[in-house]
Each structure stands twice: as C-alpha cells, then as structure tokens.
Amino acid sequence: MSKTASESPKPARRGKKAESAAAPVAADAAPTAPKPLFTADIAARWRDLDAFNHVNNSNYLTYLEEARLQWLSHVPGPWFDEHSMPVMAAVQLNYRRPIEWPAQLHVQLYCERIGNSSMTIAHRLVDAADADTLYCDGHVVMVWMDPATGKPVVLPAAIRDAVG
C-alpha cells in the first residue's frame, strides 16, 4: 500500500469557499475591474523622501488621507455635522514597491463594504502614467461617531447615496 493511500484525507480549510459546480467561465471572458469610487491625483514631494531616497512609508497614509478628503469634498449633501463625524478605526496597507521622486500618483478609492455606522474603503496607489505600477493597496475602516459621546451613529444618507 502506498503512503498516500494510507493517509487520511485532509480536512477542508476553514474560510475557504467550496468550488461551485456552476458552468465554467469562457476562457476569453476577462474579469472586469470595479470602477473606482474616486481617483485623486497626488504628486510625491521632495520632502516625502527618506534617507533611502524613496517616499517614506508613513507618507503613504497621508496620500490616502488626502484622497479620502478629496472624495468627501465631492460628496453632495452633508456627510458630517456636530453629532456625526468620521474617524478612522482601522487601516490595512500592503506596500508593493517604493515610490521614487519625482512621481505623479493616482489614489483609487473603492467602496468595499457599507455597514450601519461604518464604511470600508479599499484603496490602490498607482503610477499616474501606468496604472499597472502598483505602489500599495489595502483598505481603511471609517466609522461615523458622535464626538460628544464617542459612540457610533448611523452612516449619513449622503455617504450611502454617494456609494450607490
């Protein structure tokens, strides 16, 4: 008896979806990338560089913050007031390659998830001239809260409308 025949079968991995028995996708059908919610144009600044002559990792977060603020400034209707303001609750950032100066960047934002009081915004930071040059990706979780109580509040209608 071979070694493989005597081993017990491996259990299914948790969190992995079982393959469906649906009809296979045609080989020529390319997956379509979702359309960004917003794309911000940002230039890397000389002051963003570190001792290794590339953009310091902390500046990636500043670029993402700037892109979110640009997007929010384009949202029609009130998205904050004295009882409802967004705060960043979590961030996940995958550094894919260093950004060298000079660089023109596109920060692409996508709606990954909408909750009762929060929104997960996926992001991709790419080269403005070549969107295949990916510098980082990941997501942030924004929670709308009452600044007086620190408790979550219902996501503003303007935000829900803006993401469709």
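1. Leaving aside neighbours within four places in sequence, Trp71 is in contact (heavy atoms within 4.5 Å) with Leu37, Phe38, Leu109, Met119, Ile121, Ile159, Ala162 and Val163. This is a predicted model, in which local features need pLDDT of at least 70 and side-chain atom pairs count only at pLDDT 80 or more, while totals for chains, interfaces and linings use all residues. Residues are numbered from 1 along each chain as its sequence is written, and side-chain values use heavy atoms, with hydrogens and water left out.

2. Trp71 also belongs to the largest nonpolar core, which has 31 residues, and is among those with the most contacts inside it, as are Tyr60, Tyr63, Ile99, Val107, Leu125 and Ile159. Such a core is a set of buried Ala, Val, Leu, Ile, Met, Phe, Trp, Tyr and Cys residues joined through side-chain atoms within 4.5 Å, where buried means under 20% relative accessible area with a 1.4 Å probe, protein chains only.

3. At least two residues of this core come from each of β1 (38–43), α2 (57–74), β3 (104–114), β4 (118–127), β5 (134–145) and α3 (157–163), and α2 gives the most, with six residues. Helices (H or I, at least four residues) and strands (E, at least two) are DSSP runs, numbered from the N terminus.

How values were computed: Buried < 20%, exposed > 50% of the residue type's maximum accessible area, 1.4 Å probe, protein only.
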